Amino acid sequence: MMGHQKNAGGRLMIIEELRENLISYIKKKFYTRSNTAIIEWQEKVCFVKVMKMGEKRLNQSIEEIAASFLDENKLKSFLDFYDFFKKNKIGKAKTGRTGISKWTIIYKNKKIGHFSFHKNSWSIDYFDLFNRNKWLEECEKYLTAELKDFILTNINTTSGCCVNKTCWSVENKIILGKLFNGRVCACRPVEVINPDGETLEYAKELVLIGKNIITERENVL
Ligand SMILES: [Zn+2]
């Protein structure tokens, strides 16, 4: 699974270093355990830590990363989306703290949204509600009734980043003619989790609408 032989030496050094730190830490915290149990336990901790570090360094393909997160059905849907993504010449850039499980969806160096993996789930989010952009207003003319419904049923009112805190969330926002009384996440206002079937098709459509909006903005300038 690790694959990269050239990093093996470096990993061993990390393991040694972690082992020493952990042994002294664990001995202080769990001095009642037997030595063998301590060593077995801390080796597992080391292994997990090194795996995580290794994952960041490994240049896995998105397909491989997706496969490591998702079960068969979800993976199938994601790969369908990713195939669409590539066919439509949409760009992506790694983003987020972990650097591995989240990508920005880009067209002509402009952000449309993100896609990301979580524990056996994946999601796509679109647009933002920052003042400089009027994504949801701008997309309206491209929407069929079904797509409008798709957006309205996937307005993100639960995200921890904005809704539970006070960062950028907006209140009493009218989106496509519908009033949202509570807070709406401003950085990920539209978010769809594990799309498949018809929902996946709408999800793709909305990416294409993002492309249209970016092209349109460019023509206005
Ligand atoms: Zn947010």
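User: Where is the place of Asn 212?
Analyst: Asn 212 is in helix α7, residues 197-220. Helices (H or I, at least four residues) and strands (E, at least two) are DSSP runs, numbered from the N terminus. This is a predicted model, in which local features need pLDDT of at least 70 and side-chain atom pairs count only at pLDDT 80 or more, while totals for chains, interfaces and linings use all residues. Residues are numbered from 1 along each chain as its sequence is written.

User: Why is Asn 212 classed as partly exposed?
Analyst: Asn 212 is partly exposed because 14 other C-beta atoms lie within 10 Å. A residue is buried if 20 or more other C-beta atoms lie within 10 Å of its own, exposed if 12 or fewer, and partly exposed in between, with C-beta atoms placed from the backbone.

User: How far apart are Asn 212 and Glu 138 in space?
Analyst: They are 9.7 Å apart, C-alpha to C-alpha, and 74 residues apart in sequence.

User: Staying with α7, how do the axes of α4 and α7 cross?
Analyst: The axes of α4 (residues 72-87) and α7 come within 11 Å and cross at roughly 25°. That makes α4 roughly parallel to α7. Axes are lines fitted to C-alpha atoms, for helices over the stretch in contact, and angles run from 0 to 180 degrees between N-to-C directions. Angles under 35 degrees count as roughly parallel, over 145 as roughly antiparallel, 65 to 115 as roughly perpendicular and the rest as oblique.

User: Which residues meet there?
Analyst: From α4, Ser 77, Asp 80, Phe 81 and Phe 84 meet Leu 200, Ala 203 and Lys 204 of α7. Two residues are in contact if their C-beta atoms, placed from the backbone, lie within 7 Å.

User: And α3 with α4, roughly parallel or antiparallel?
Analyst: The axes of α3 (residues 62-69) and α4 come within 10 Å and cross at roughly 155°, and the two are therefore roughly antiparallel to each other. Ile 62, Glu 63, Ala 66 and Ala 67 in α3 meet Leu 75, Phe 78, Leu 79 and Tyr 82 in α4.

User: Changing topic: what is the strand order in the sheet?
Analyst: The open sheet of 5 strands runs β1-β2-β3-β4-β7, with antiparallel pairing. β1 (91-94) and β7 (190-193) stand at the edges with a single partner strand each, so one side of each is left without a neighbour in the sheet. The twist averages 25° from one strand to the next. Two strands pair if DSSP finds at least two bridges between them.

User: How many bridges join β3 and β4?
Analyst: Strand β3 (residues 110-118) and strand β4 (residues 121-126) pair over 6 bridges, and His 114 stands opposite Asp 125 in β4. The two strands form a hairpin with 2 residues between them, where Asn 120 in the turn has a positive phi of about 45°.
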